[in-house]
Amino acid sequence: MSGNKRRWAERGKNALIALLTLSAVWLLSMTPLVRDSGLLDLLRPAQAPGGASAGAAQAGAVLPARLAVCRDGGRCGLQYDDARVEELFTSLGPLLGDALTAADQPRQLTEAEWRSHLQAQGAYFDFDGGVPLAALAGWLGGEGPCPLPGCARRVLLVPGEGDGILLCWQDADTGGFYACDTALSHSLHLDAALAGAEPNNAYFAFEDPSLSPMLDPYTLIAEGGGRGMRYAAANPLAAAAGTEALLDALSFNSQNHAAGSSGEVYLDGGDRLVVGSAGDVTYRAAQGDKYPVGSDTAAAAAGGARSLAERAMVPLCGDARLYLISAQPWKDGWRVRFGYRLDGSAVYLYDEGWAAEFFVQGGFITAFTLHLRCYTAGEDDVLLPPVGRAAVMLPDLTDRPRELLIRYRDWGGPSVAPGWVGV
């Protein structure tokens with residue numbers, strides 16, 4: 001055999017061996033042992049840091065601050081306990097996402113009808129802020145787009161006509177009540193999701209004649225409202241590692257900076273990021289194309305801002321969660337605000353109350369301000385008076401009925417403690 005023929009024969013053998021090896025690897029990768037081991041995740045290329053696109057993966061779960069399930073045996077109400085809320089929301093959250101994407105034309109409800117639905121069999125969600133319904137559907141994994149406009153804080157799933165599920169909500173801006181039929185079945189979907197909730201005698205303030213004159217009618221009264229945990233609070237940017245993590249999350253070069261009157265100034269072209277010594281961070285865009293959100297809608301603005309906020313803030317905020325306070329029209333775009341929440345209780349931060357504020361124009365985040373704080377749970381609980389006594393004691397409740405909530409107040413000190421407030 002000539003040298004050329006021998007070389008081609010060897011190459012053919014090598015190619016055949018390589019092909020057989022690849023086939024074996026592919027077949028092995030299809031086995032449950034390898035698929036479930038996590039090895040395939042190590043082989044996938046890492047995603048490069050970029051803008052906050054509307055389809056970006058969310059860093060944290062969407063969790064309501066309050067959750068209530070009404071069954072034949074009574075009502076189960078949960079709040080100020082993220083672990084228990086999350087456990088029950090595991091089955092109810094995907095159902096809510098599917099209901100939002102399977103919604104028909106909305107119609108207005110009277111407040112009497114809304115209250116009647118609250119007292120019927122169903123599931124109630126309070127997100128403690130104004131969430132665009134279309135964004136909420138996507139965050140909860142709903143299949144397809146949500147046709148519903150507007151933002152809601154309170155949402156309700158109850159049996160509808162026939163075997164259907166009725167989706168109800170209270171508009172966060174106007175306070176009006178709405179409902180629409182969905183393509184889901186309550187016997188197949190809702191009944192099973194409600195089965196895991198054990199009644200604990202929770203009720204709403206409008207159901208108690210002694211509390212209804214003083215409290216907002218939809219204040220939820222449930223077990224676990226008589227205590228809260230104290231948290232240590234700190235500036236996560238006091239250490240260099242915190243600043244490096246922030247700059248990496250925001251796609252800024254740590255080497256391209258100079259000292260300014262308000263803090264360290266980092267530049268990316270004409271874009272300007274200022275990191276203050278107290279943990280305050282501001283961004284102003286020159287061209288406005290660094291952080292795209294997708295389309296120019298409330299849902300896209302909220303989704304893009306949430307993605308960027310969780311990427312930059314969640315790794316630095318310790319035991320806190322972020323929650324959406326509002327997504328409202330602003331000039332020719334949107335203003336989106338987020339707050340911190342500690343085990344279901346909101347943190348009112350400094351004078352503004354919010355932890356992050358984003359401005360979105362033309363499908364891009366053009367400016368934002370972050371108040372970065374890191375919270376660490378302590379070992380001591382703070383005892384609070386029962387809700388009935390707190391309602392009588394609070395002077396804020398004398399001028400008009402308010403919602404009575406446990407909240408934290410953070411002025412920038414080394415710790416925060418819970419207390420009852422009327423809002």
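**A walk through the model**

G263 is placed in strand β12, residues 263–268. Strands here are DSSP runs of E with at least two residues, helices are runs of H or I with at least four, and both are numbered from the N terminus.

Before I go on, the ground rules. This is a predicted model, in which local features need pLDDT of at least 70 and side-chain atom pairs count only at pLDDT 80 or more, while totals for chains, interfaces and linings use all residues. Residues are numbered from 1 along each chain as its sequence is written, and side-chain values use heavy atoms, with hydrogens and water left out.

Back to G263. Its relative accessible area is 18%, so G263 is buried; buried means under 20%, exposed over 50%, and partly exposed in between, with a 1.4 Å probe and protein chains only. Leaving out residues up to four places away in sequence, G263 touches A258, V274, V275 and G276, where contact means heavy atoms within 4.5 Å. L273 is ten residues from G263 in sequence, and their C-alpha atoms are 9.6 Å apart.

Next, the sheet. Seven strands make an open antiparallel sheet, in the order β2-β1-β4-β5-β6-β7-β3. Two strands pair if DSSP finds at least two bridges between them. β2 (74–79) and β3 (107–109) are the edge strands, each with a single partner, so one side of each has no neighbour in the sheet. From one strand to the next the twist averages 25°; axes are lines fitted to C-alpha atoms, for helices over the stretch in contact, and angles run from 0 to 180 degrees between N-to-C directions.

Look at β1 within that sheet. Five of its six residues are buried. β1 pairs with β2 over six bridges, and the two form a hairpin with two residues between them. On β4, five bridges join it to β1. V69 has bridge partners in both strands: C76 in β2 and A123 in β4. Further along, seven bridges join β5 (151–159) to β6 (164–171), and P159 has I165 as its partner in β6. Helix α7, residues 186–194, lies across β1, β4, β5, β6 and β7, at about 110° to β7.

Now the rings. How many aromatic pairs does the count come to? The count is 18. Rings of Phe, Tyr and Trp (its six-membered ring) pair if their centres lie within 6.5 Å; planes under 30 degrees apart are stacked, over 60 edge-to-face, and the rest tilted. F89 and F125 are an edge-to-face pair, 5.9 Å centre to centre with 70° between the planes. F89 is in helix α4 and F125 in strand β4, 36 residues apart. Both F89 and F125 are buried. Ring pairs also link W114, Y124, F177, F204, F206 and Y218 into a cluster.

Two charges sit over rings as well: K290 over F252, 4.7 Å from the ring centre, and R306 over W139, at 4.6 Å. The rule is NZ of Lys or CZ of Arg within 6 Å of the ring centre and within 35 degrees of the ring normal.

Last, helix α9, residues 298–313. Its 16 residues should span 22 Å at 1.5 Å a residue, and the end C-alpha atoms are 21 Å apart, which agrees. The expected span is 1.5 Å times one less than the number of residues. Of the 16 residues in α9, 14 are buried.
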